[in-house]
Amino acid sequence: MTTTRLPDLLEAYLADLDRALVGTDARERAETIQAMREHASEVIARDGASDATVERVITELGSVEQIAASATPAGPASASVAWGDVWLLVCAVASLALFVFPVVAVGALIWAIVRLRGSAGSRALQRAALVVSVVSVVLATGLVISHWVN
Amino acid sequence: MEPTPASVLTQLRKGTVDFCVLACLRSGPAYGLEIADRLRQDKVLFDSDGTLYPLLSRLRQQGWVTTTLEPSPVGPPRRYYRLTQSGEAALKVFIETWGRFAADVTTTIEDHS
């Protein structure tokens, strides 16, 4: 993910856009801001950061109201429970309880990484599952090492 | 309310522009600015470049495109959008349906003009 600092006018434009996107789908909002930052960075890398270029980029991107009007309103669909991620978290917690079986922990970890790399579901649940499964893997590895040493 | 060219375009874009973006990616993956440059050639598809990005996010969430970050020779990494198999299947259905729809619209308008 790129977080290049843009000229002040563009940063202000993106901040305005972020505010205009309040009430729209959260993931779409975050991806839109990031993608537009990359768009602007690309033009500036190509054409330079002169005032004229910055103004042209903003004109071509369009008014924040126009962009916000084309975004998906946040609705029940985006707030619905991502059951796949609930089960992922359950599996990760189970792997913590069953850390003597490292295969479960490794499986939960791989599943969490795959879900995080994808574009669907609840990021919060996926991150929580990742953290729990990492702890499980660490515990399982520690257990294996302690058995091996003893 | 009297229709204006802008209001008619807004209605026509709904449900069609998404597939124009997918069609744009049929020739290969492209990054945001590249897609915007391609689509900007015909101004009626988009009000502005910025409206492309919520749409690309929706296409990604639908699983019709995937994204990868790749190094750029001129600046920060580029996010490339790539058509998926389900995106290609959706585009195929749209193209078949659009052909019949557009032909009917044209015929109807010409028959009654």
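Trainee: Where does L45(B) lie, and why does L45(B) count as partly exposed?

Mentor: L45(B) lies in the loop between helix 3 and helix 4 of chain B, helices being DSSP runs of H or I with at least four residues, strands runs of E with at least two, both numbered from the N terminus. The relative accessibility of L45(B) is 22%. Buried means under 20% relative accessible area, exposed over 50%, and partly exposed in between, with a 1.4 Å probe and protein chains only. L45(B), at 22%, therefore counts as partly exposed. This is a predicted model, in which local features need pLDDT of at least 70 and side-chain atom pairs pLDDT 80 or more, while totals for chains, interfaces and linings use all residues. Residues are numbered from 1 along each chain as written, chains are lettered from A and ligands numbered from 1 in the order written, and side-chain values use heavy atoms, without hydrogens and water.

Trainee: Which residues does L45(B) touch, not counting those up to four places away in sequence?

Mentor: L45(B) touches R13(B), V17(B), C20(B) and L39(B), where contact means heavy atoms within 4.5 Å. L45(B) and C20(B) are 25 residues apart in sequence, yet their C-alpha atoms are 8.3 Å apart in space.

Trainee: Why is helix 2 of chain B described as largely enclosed by the rest of the structure?

Mentor: Helix 2 covers residues 17–24 of chain B, and 6 of its 8 residues are buried, so this description applies. The buried residues are V17(B), D18(B), F19(B), V21(B), L22(B) and C24(B). Their cover includes helix 1, helix 3, helix 4, strand 2, strand 3 and helix 5 of chain B.

Trainee: What makes the aromatic pair of F19(B) and F94(B) stacked?

Mentor: Rings of Phe, Tyr and Trp (its six-membered ring) pair if their centres lie within 6.5 Å; planes under 30 degrees apart count as stacked, over 60 as edge-to-face and the rest as tilted. Among the 5 aromatic pairs over all chains, F19(B) and F94(B) are 4.2 Å apart centre to centre, with 0° between the planes, and form a stacked pair. F19(B) lies in helix 2 and F94(B) in helix 5 of chain B, so the pair ties together parts 75 residues apart in sequence. Both F19(B) and F94(B) are buried.

Trainee: Why is the pair of W98(B) and F101(B) called tilted?

Mentor: The ring centres of W98(B) and F101(B) are 5.7 Å apart and the planes stand at 35°, so the pair is tilted. Ring pairs link F19(B), W64(B), F94(B), W98(B) and F101(B) into a cluster.

Trainee: How do you know that S57(B) is buried, and which residues is S57(B) in contact with?

Mentor: S57(B), in helix 4 of chain B, has a relative accessible area of 3%, and is therefore buried. Leaving aside neighbours within four places in sequence, S57(B) is in contact with R27(A), E28(A) and E31(A).

Trainee: How many residues of each chain take part in the contact between chain B and chain A?

Mentor: The contact takes 25 residues from chain B and 27 residues from chain A. The two chains bury about 2,200 Å² between them, 52% of it on carbon and sulfur atoms; buried area is the accessible area (1.4 Å probe) that two parts lose on being put together, summed over both. L33(B), Y53(B) and R60(B) supply 25% of the area that chain B buries against chain A, more than any other three residues.

Trainee: What makes E42(A) and R78(B) a salt bridge?

Mentor: A salt bridge is a side-chain nitrogen of Lys or Arg within 4 Å of a carboxyl oxygen of Asp or Glu. The closest N and O atoms of E42(A) and R78(B) are 2.6 Å apart, and the two residues form a salt bridge. The count between chain B and chain A is 6 salt bridges.
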